[in-house]
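Me: I am new to this one. Please show it to me, and then I will ask about the labels.

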Amino acid sequence: HFRQDAASQLTSNYRNFAAALRRRPHTLELLAAELLHPTDVTRALDDVREGYGKGLHAYFTRSDEYGGDKATALQLVLYAAVVYLAQRSRTAPRYFGLRLDQPEGWGEIERAIAVVVDGVMGPGK
């Protein structure tokens with residue numbers, strides 16, 4: 001039975017999440033709209049997302065590797081970073097010398113995700 005270590009799993013999860021968001025322009029529009037013009041619908045979606053996020057954290061949490069505040073803090077920051085960068089890729093794709101509208105720019109972001117995860121959780125195996 002193959003089982004990824006926590007660092008590898010987190011890196012993979014957030015790389016996949018970033019790719020999924022970039023393929024969903026309507027999702028990005030909705031995420032941006034909830035910040036600029038919250039409505040009853042966006043507030044309801046926020047409630048759903050909060051419950052979903054807690055469920056995912058419980059699903060991915062392993063007491064031997066994810067225990068403690070580090071993994072929770074890391075996921076909080078990575079989620080925010082990936083959403084922001086995916087949104088930015090549509091309207092202001094230049095970021096720290098990267099082109100977020102190009103695969104090469106996202107390759108750099110993916111490498112940065114791995115560096116951050118490894119720095120917090122320890123290198124993946």
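The questions below ask how some labels were reached.

Reply: This is a predicted model: local features need pLDDT of at least 70, side-chain atom pairs count only at pLDDT 80 or more, and totals for chains, interfaces and linings use all residues. Residues are numbered from 1 along each chain as its sequence is written, and side-chain values use heavy atoms, leaving out hydrogens and water.

Me: Why is Thr11 called buried?

Reply: Buried means under 20% relative accessible area, exposed over 50%, partly exposed in between (1.4 Å probe, protein chains only). Thr11 has 7%, so it counts as buried. Beyond its neighbours within four places in sequence, Thr11 is in contact with Ile113, Ala114 and Val117; contact means heavy atoms within 4.5 Å.

Me: Why does Phe96 count as exposed?

Reply: Its relative accessibility is 75%, so Phe96 is exposed. Phe96 also has a positive phi of about 50°, though it is not a glycine.

Me: What makes Leu30 partly exposed?

Reply: Leu30 has a relative accessible area of 37%, therefore it is partly exposed. Its place is in helix H2 (residues 25–36). Helices (H or I, at least four residues) are DSSP runs, numbered from the N terminus.

Key:
Helices (H or I, at least four residues) and strands (E, at least two) are DSSP runs, numbered from the N terminus.
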